[in-house]
2 protein chains.
Amino acid sequence: MKVSTAVATPSPRSLRSRDKLMHTAERLYAEHGFANVSIRMIREAAGQRNKSAVQYHFSTRDELIQAILARHAAEIDRLRAPMVAELESSGEVSRRDRITCVIAPSIEHHIELGTPSWYGRFLAQAIVEPSLRDFTTEASVSTPSFQRLEQLRPPRGQERDPGLFERYASMTRLLIVHMCAELEGDLATGRVDPAAAERSWRELGETLVTAVCGLSSALLDQEGDPAAG
Amino acid sequence: MKVSTAVATPSPRSLRSRDKLMHTAERLYAEHGFANVSIRMIREAAGQRNKSAVQYHFSTRDELIQAILARHAAEIDRLRAPMVAELESSGEVSRRDRITCVIAPSIEHHIELGTPSWYGRFLAQAIVEPSLRDFTTEASVSTPSFQRLEQLRPPRGQERDPGLFERYASMTRLLIVHMCAELEGDLATGRVDPAAAERSWRELGETLVTAVCGLSSALLDQEGDPAAG
C-alpha cells in the first residue's frame with residue numbers, strides 16, 4: 001500500500017502526529033536496535049490509537065527510517081552551508097579545512113540535539129543495514145553544501161589504484177558515524193558526564209579531524225601530490 | 001527458559017543441527033539484516049521441523065549470535081597464534097608489524113571462508129547492536145593471541161588525554177569490521193569479481209594496515225614517543 005502524503009497540505013495535527021512518530025521511532029531504534037522494535041511498538045509508544053498511523057504517514061518501515069535520515073541530513077546541510085561559503089571566499093583551502101567542513105557540521109548538530117540524543121545510534125544502524133546503506137550515504141553526500149564542498153577539492157591526478165579514494169571516503173564516513181554513535185551512547189548511559197557533553201563533542205570532532213587527516217595522508221599522498229586527499 | 005547444552009555430550013546429529021542453525025542464521029542475518037529475520041525463519045530455512053530447536057540449542061537469539069561470534073573469534077585466534085609467535089621470537093617489533101598482526105588474521109579468515117561468505121556483514125551488524133556491542137568486541141580482544149600481541153606493545157608513557165588511546169582502538173576496530181563487511185557485500189553481489197576474491201582481500205588488508213598506521217601516527221605520536229601506537 002502506497003499512500004502519498006503530498007497530495008494535499010496536511011493539517012497541523014497530522015504533521016504533529018508524523019513528527020511524534022519519527023521521534024519515537026528514532027529513540028526506540030537507537031535504544032533497542034532495529035531488530036527489536038516493531039511498527040506496533042512505535043505506534044503505541046507514540047500514543048497513537050489509530051492502528052494504521054505509521055502506514056498512513058510512511059507506507060513502510062524503510063520510508064519511515066528514510067524520512068528521519070533526510071530530516072537530519074537537511075539540518076546538517078543548514079549548518080554546513082555557511083562554513084562552505086567561508087571556505088569558498090577564502091583564498092587557500094587546506095586539506096584540514098575541507099576535512100573540518102565534513103566533520104564539524106555533524107558535531108554541531110549533535111550538540112544542538114542535546115543529551116540524551118538518539119540520532120547517532122540510529123544512523124550507525126541504518127548505515128549497516130543492507131536495505132538502507134546506500135540511501136543513508138546518499139542522503140548525506142547529495143546535500144547542496146556537501147556537493148559545493150566537493151568542488152573545493154583539487155582535481156585528483158592519475159591514480160595507481162582508482163578504488164583507493166573510494167575506500168578512503170568509506171573509511172571517513174565509518175569513523176564519523178560510528179564514533180559519534182559511541183559518544184552518544186556513552187553520554188546517554190552516563191559513562192561520559194552529560195554536563196560535559198558540549199566539550200566532549202568538540203573534542204571528538206578534533207580527534208576525528210586529526211584521524212581523517214592521518215588517514216588521508218597515509219592513503220592518498222603520493223610523490224608530488226600531497227594535497228590530493 | 002535456560003536449557004544448558006553442556007550437561008551431556010551431544011550426539012553427532014545434535015551437533016550437526018546446531019551447526020546448521022548457526023550457518024543459516026549467519027547467512028540470513030547478513031543478507032536481510034538482524035531486524036528482518038525471525039527465529040522461525042532461521043529454523044525453517046535450516047530445515048528444522050522441531051519448533052523449539054533454536055531455543056533448545058541456544059536459549060535466546062542473543063546466545064545464538066554470541067555462539068556464532070565466538071566460533072569465528074576462535075578461528076581467527078588460530079590464524080593469529082603463529083604470527084604472534086614469530087613476532088615474539090624476532091628481535092624488533094615495529095608498529096607496522098603489530099598492526100599487521102591485528103589485521104592479517106581477519107583477512108586470512110575471510111579468504112578461508114570463500115565467496116560468498118556472510119561473517120563480515122553479520123559482524124558489522126552485531127557490533128552496532130546495543131545489546132551485543134560489548135560482547136562482540138570482547139570476543140575478539142580476549143582471545144589468547146590478541147592478549148599476547150598486546151604484551152608486545154611498548155609501555156605507553158604519560159598521556160595528555162588517556163581517552164585518546166581508547167578512541168584509536170575503537171577506530172581501528174571500526175575500520176576493520178566495516179571495511180571487511182563492505183568488500184564481502186561487494187563480492188556477494190558481484191560488484192567486485194569473485195574470481196579476484198583472494199587478491200581483493202589481500203589488497204584490502206594492505207590498505208587497512210596503511211590506514212591504521214596513519215591513524216596511529218596522527219593520533220598517538222608525541223614528541224619523543226613515535227612508537228607508542
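Domain 1 of chain A and domain 2 of chain A bury about 1000 Å² between them, 63% of it on carbon and sulfur atoms. Buried area here is the accessible area, taken with a 1.4 Å probe, that two parts lose on being put together, summed over both. Within domain 1 of chain A, Met22(A), Glu26(A) and Phe34(A) supply 58% of the area buried against domain 2 of chain A, more than any other three residues.

This is a predicted model: local features need pLDDT of at least 70, side-chain atom pairs count only at pLDDT 80 or more, and totals for chains, interfaces and linings use all residues. Residues are numbered from 1 along each chain as its sequence is written, chains are lettered from A in the order in which they are written, and side-chain values use heavy atoms, leaving out hydrogens and water.

Where do the two domains lie? In chain A, domain 1 covers 1-59 and domain 2 covers 68-220. Such bounds come from an automatic or database domain assignment. The contact takes 11 residues from each of these two domains of chain A, with contact meaning heavy atoms within 4.5 Å. The domain centres, taken over C-alpha atoms, are 27 Å apart.

Asp19(A) forms a salt bridge with Arg71(A), and their closest N and O atoms are 2.6 Å apart. The interface of the two domains of chain A also has 5 residue pairs in polar contact, both residues at pLDDT 80 or more. A polar contact is a pair of N or O atoms within 3.5 Å; within protein, one must be able to donate a hydrogen and the other to accept it, and residues adjacent in sequence count only if both atoms are side-chain atoms.

Now the two chains. Chain B puts 37 residues in contact with 38 residues of chain A. About 2900 Å² is buried between chain B and chain A, and carbon and sulfur atoms give 65% of that area. How many salt bridges link chain B and chain A? The count is 0. Polar contacts do occur between chain B and chain A, in 5 residue pairs with both at pLDDT 80 or more.

Notes: Salt bridge = Lys/Arg side-chain N within 4 Å of Asp/Glu carboxyl O.
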